[in-house]
Amino acid sequence: MALNPFFLQGTQGEQRLVQDLINEQLQIYGVEVTYIPRKMVNKSTIMEEVSASKFDDNFLIEAYVNTYEGYGGQGDVLTKFGMSLRDEVTLTVSRERFEDFIVPFLDAFPDDEIDPTQALRPREGDLIFFPLGSRLFEVKFVEHEDPFYQLGKNYVYQLKCELFEYEDEIIDTSIEVIDSVIDETGVITTLNLSGAGVTATATSNLTTPSGYISNLYLNNDGHGYTSTPTVYITAAPAGGVNATAVAITTTRTGLYSLKEVLITNPGSGYTTPPTISFVSGSGAGAAATCSIEQTAKGVLGFNITEIGAGYWTAPTVGISTAPVGGINATARATVHPTSGALTGFYITNTGAGYTVAPTVTITPPNVIANGDYALNDIVRGMTSGLEARVKAWDRDTRILKVSQVAVGGTALMFTNGELIRSLDSTYFTASKTTTGSIGITTNKITGITTTGLAIGQELNPVNNVIGIGVTILSIGASQVIMSEDSLNTSAVSGTSIAYGATSNVEYALQIYNDTDTYDPYNEGDIFETEADSIIDFKETNPFGTY
């Protein structure tokens, strides 16, 4: 039997009244939260699983806190892996307000970022920033039928949310209080970058042609060494100077073998090549011989006149060529691992035939210090090819914190001395300040020094004044015509304008330690250290031998 036609189950006017009352109640008794939709950066084509996502938009909306007596869920739970926070909150938002003020923007997102089948309602996986606790919650379930069809219609969404567990998602809403929630979250490693560098300088000294070592030859690299062996060279005859050298080793699986032997002092007075031996607490088999020079002068050593700064890898040493018929000297520099200064030289060939001390040239440090990294920038080591994502940048201390190391590239770690370049941020190379004004919605800049400006150069955007992509169209006497009109609604004077070509933000890497990671929830090192002080199975087994 059909319903009684004389009694309606809710008219449009009644439904409209209920919706208006709900909207008003939410605006009076609700809390203003920030709705942050999830965008899919990368999705598996087989399992349709989102492997990477970002949150870079935000929408303010009023919401009623259903769990007014406090957070729901299991609360703070102590597990064997540490403290687990399992707070939950249920929020009620107006269906009409969501559909009118948020849905149109979600519809505008590409289909590969927002699922079009879910764009008409709040979606599971989106985030809610709850300002009262400055916490991010993830929408786990959306209830759209409670209350159940009052007057034949639903008016609200109930969002059942759990405290957000960060898993290297990109959160960049441009709202400091939101983005800072995850600044120190995740596995973060520190890159110590360098500032301006100073080129090192040095001079050379010549030997006397009286029997000095001119070359060392490694005949056998040995085996089984657990440390670098000491090099012993037999003493020079009476009146001579004893030669010295060092061994450079390579290691694999904790065992060392010799890579080369380098001269630190060629000595003098030798009439026959001295004997070279290697002494170590372990290992055997290394052997080396040498040749001596008795008639021509070679390089005895070096005097450092400027230690320089910013050398995080050893620079190349150039020594001027020997006269015709002579032998060119070669050397290798050593640098301090933390100060980046030159510490000394190893002689790889003393050379022969020099009549005056040769000139020494040292390559300048690979130091570039330009611009500022931005949150979530992708940075790349230009030598290693390793990539990571920026978490924080301090220009004063030049400390860059990054996460998701190896989001790109195949290297295992960054290389000291390489350039760390942002793939997202650039900076302008020059700037000027106008003494005149930028006209109201016109393309003219007056009162500006035009020296250095060129037609076609790009202008850096200035908030509410110059838009993106504006270039210099023409140049006159103390004025510039822009390719686009200004955005300002009142005359602006004394504005600093950056112009010219842009360059990548990049600095040279001073020190990187792949074990230096910051994770506030990882206390594995603490547990391991404490356990080592209690139980040491290398000495005895506290549980017996059977």
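**Entry 1: Tyrosine 256**

I began with the neighbours of tyrosine 256, leaving out residues up to four places away in sequence: this residue touches His223, Gly224, Tyr225, Thr226, Ser227, Thr228, Thr249, Thr250 and Thr251. I took contact to mean heavy atoms within 4.5 Å. The model is predicted, so to speak of local features I needed pLDDT of at least 70, and for side-chain atom pairs 80 or more, while totals for chains, interfaces and linings use all residues. I counted residues from 1 along each chain as its sequence is written, and I used heavy atoms for side-chain values, with hydrogens and water left out.

I then placed tyrosine 256 in strand β16, residues 255-265. Helices (H or I, at least four residues) and strands (E, at least two) are DSSP runs, numbered from the N terminus. My cut-offs were under 20% relative accessible area for buried, over 50% for exposed, and partly exposed in between, using a 1.4 Å probe and protein chains only. I also looked up aspartate 221: it is 35 residues from tyrosine 256 in sequence, and the C-alpha atoms are 9.3 Å apart.

**Entry 2: The whole chain**

I stepped back to the protein chain. I noted five helices and 34 strands. The chain has 546 residues, and 39% of them count as buried. I looked at contacts with a separation of 6 or more; residues 24 or more positions apart account for 70% of them.

**Entry 3: Two alanines in loops**

Alanine 357 sits in the loop between β22 (342-349) and β23 (360-362). I read 41% relative accessibility for alanine 357, so this residue counts as partly exposed. Setting aside neighbours within four places in sequence, I found alanine 357 in contact with Ser204 and Leu206. I also checked threonine 207, which is 150 residues from alanine 357 along the chain; their C-alpha atoms are separated by 9.3 Å.

Alanine 341 lies in the loop between β21 (330-335) and β22. Which residues does alanine 341 touch, not counting residues up to four places away in sequence? I listed Ile307, Gly308, Thr334, Val335 and His336. From alanine 341 to glutamate 306 I counted 35 residues along the chain, with 8.9 Å between the C-alpha atoms.

**Entry 4: Asparagine 23**

I found asparagine 23 in helix α1, residues 12-29. This asparagine counts as buried, because its relative accessibility is 8%. Its side chain makes a polar contact with the side chain of glutamate 96, at 2.7 Å. I used this rule for a polar contact: a pair of N or O atoms within 3.5 Å; within protein, one must be able to donate a hydrogen and the other to accept it, and residues adjacent in sequence count only if both atoms are side-chain atoms. Residues up to four places away aside, asparagine 23 touches Arg16, Ser94, Glu96 and Arg97.

**Entry 5: Salt bridges**

Side chains of opposite charge can pair when their charged atoms come close. I searched the whole structure and found 16 salt bridges. Each is a side-chain nitrogen of Lys or Arg within 4 Å of a carboxyl oxygen of Asp or Glu.

I looked up arginine 95 and glutamate 99, whose closest N and O atoms are 3.2 Å apart. They are four residues apart in helix α2 (residues 95-101), so about one helical turn separates them. Arginine 95 is partly exposed at 22%, and glutamate 99 is partly exposed at 33%.

Glutamate 124 and arginine 121 also form a salt bridge, at 3.4 Å, N to O. I noted 30% relative accessible area for glutamate 124, partly exposed. Arginine 121 has 26% and is partly exposed.

Glutamate 138 pairs with lysine 140 at 3.6 Å, N to O. Glutamate 138 is buried at 14%, whereas lysine 140 is partly exposed at 42%. I also noted a network: salt bridges that share partners join Lys39, Lys54, Asp56 and Asp57.
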